[in-house]
Amino acid sequence: MNRVPRFSGPPLLGLNHRFLRDPVGMFMEAHRRYGDLVELDLGISGSVYAAFHPDGVKQTLLRGRRVHRALLRELLGKGLFTSPSGDDWLRRRRLIQPLFHEDRLAELTPLLLRSLDEVLERHWLNAGTVDLAAEMKRATVAMMVDATFGRHGDVDRAVAREELSFLLRYVDDRLFTFVQPPRSWPTPDNRRYRRSIRTIRAIIADAVRDGRRRGGDEPTFLNGLLASRGSDPEVRFSDEELVDEVLSIFIAGTETTGTALTWALHLLATHPAAGEGLLKEMASELPGDTLTPAVLARLTWPKAIVQEAVRLYPPAWALRRVTDDPVEIGGVRLPAGSRLIVSAYVTHRHPQVWSEPERFDPVRWLPAGAAERPRFSYFPFGAGAHQCMGNMFALLEGELIITRLAQRFRMAPFGRSPVRARPTIALAPVPGPHLEVIPIS
Ligand code: HEM
């Protein structure tokens, strides 16, 4: 059996300071210097094995168990996204699965499009220049709130959007800012968090009660959740659990999608050949302003642009697991209880799999450019038991946003400062890119 090379840092500290300063750079260096399996020294916190080759990714994601997400659970409740692997997670997953069925998503499309059009009309039409990250957050929060509650009930959607936007920022600060005042201190942010979580939970709880009383035929997430309750009280969601699940979907599905689309549009605007490919296809397949699921299905470029953006900048850029049994990776047997980490950012650039890995090239994902690649060389949505539930929804939002923007606006980068990837809840571009947008009359 081989031995695993160790990437060490200073005694006690290990690589922790580098992990906090530039984790993505640290992982890339670990792969460059030590190869496909490396032990990362985390000082007094022990060590973790990083697996970069698709075979190691497979072993990690198929054999590992997701570790407890204590802080997220404490902040946001016990929904699917914050649940560790186990029976309770499995029960939740089975109850939620039907929400993301292809037919339901197709039914949701007109509703999503209306939310998006509303945002574009209010915030893009006369803007001249837009802050892409802020606008993608606005659009994805609006689409998520409407997809959850629909557009016809009594829910105060404006307040729900505002509180959700705040919560996303608060969770981000909690997870990724090094020095934080304790949560029990009455700082303005901590007070606002308590108010915000109370408000948003109350909004969801009211909508749950209302939905159950009135029933609803819009294909919303909430109606889907109410319908998937089943009749067995041992299995079905309680009202309290339903609130947790909605919150869980909100948090899992907005920042990730918003950041992915910020990158996608930034990359599109800075790579004219991709823009030309998109517009050419739209001219032949999408005459006029119609945008239906059937029309969308004929377009290949919008999806390819999102797929390539999340290859280069996967919002969930690293995933952690722990093994309950010994596991063999790259000819090395790691003992039970090993801590493992995989990084989509690194594996999506693996030189044995990807040609010109740093190049933004959506053609890789078009039928004409498709190449055979190992299954676990690309996992922006994770893989195995915990694979993202909302991946189809995220892709649908992306396709809608890219296509609609290309129908309605000419877009060009505003300012030329280079952006780099900064890990937060997702992998955000900094400084935030801006676009010049000119409505097509
Ligand atoms: C580009 C957008 C998105 C990305 C990159 C993304 C990525 C991921 C990844 C990597 C995981 C696996 C986490 C792990 O293995 O621990 C995951 C799980 C999950 N995602 Fe997403 N996601 C996105 C959008 C969404 C959306 C839109 C929703 C909901 C509408 C959603 C709901 C979930 C849920 C509920 C889980 C937990 C699944 C489980 O643990 O069983 N995600 N996501």
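Reasoning from cut-offs in a predicted model

Q: In this predicted model, what makes R92 count as buried or exposed?
A: R92 has a relative accessible area of 3%, and because buried means under 20%, R92 is classed as buried.

Q: Why is the contact between D88 and R92 called a salt bridge?
A: The N to O distance between the two side chains is 3.0 Å, and a salt bridge requires a side-chain nitrogen of Lys or Arg within 4 Å of a carboxyl oxygen of Asp or Glu, so the pair of D88 and R92 meets the criterion. Both residues lie in helix α5 (residues 87–96), 4 residues apart, which is about one turn of the helix. D88 and R92 also belong to a network of salt bridges that includes R91, E241 and E245.

Q: Why does D88 count as partly exposed?
A: The relative accessibility of D88 is 35%, and since partly exposed covers the range between under 20% for buried and over 50% for exposed, D88 is therefore placed in that intermediate class.

Q: What classes of accessibility do R408 and D117 fall into?
A: R408, at 26% relative accessibility, counts as partly exposed, whereas D117, at 18%, counts as buried, because the limit for buried is under 20%.

Q: What makes the pair of E240 and R201 a salt bridge, and which helices hold the two residues?
A: The closest N and O atoms of E240 and R201 are 3.6 Å apart, which is within the 4 Å required, so the pair qualifies. E240 lies in helix α11 (residues 239–253) and R201 in helix α9, so parts that are 39 residues apart in sequence are tied together.

Q: Why is E240 called exposed?
A: E240 has 54% relative accessibility, and because exposed means over 50%, the label applies to E240.

Q: How do you know that C388 is a donor to the iron atom of the ligand?
A: The SG atom of C388 is 2.3 Å away from the iron, and donors are N, O and S atoms within 2.8 Å of such a metal, so C388 qualifies as the single donor from the protein. C388 lies in the loop between α16 (344–347) and α17 (391–408).

Key:
Residues are numbered from 1 along each chain as its sequence is written. This is a predicted model: local features need pLDDT of at least 70, side-chain atom pairs count only at pLDDT 80 or more; totals for chains, interfaces and linings use all residues. Side-chain values use heavy atoms; hydrogens and water are left out. Donors are N, O and S atoms within 2.8 Å of the metal (3.2 Å for Na, K and Ca); water is not among the atoms, so sites may look incomplete. Buried means under 20% relative accessible area, exposed over 50%, partly exposed in between (1.4 Å probe, protein chains only).
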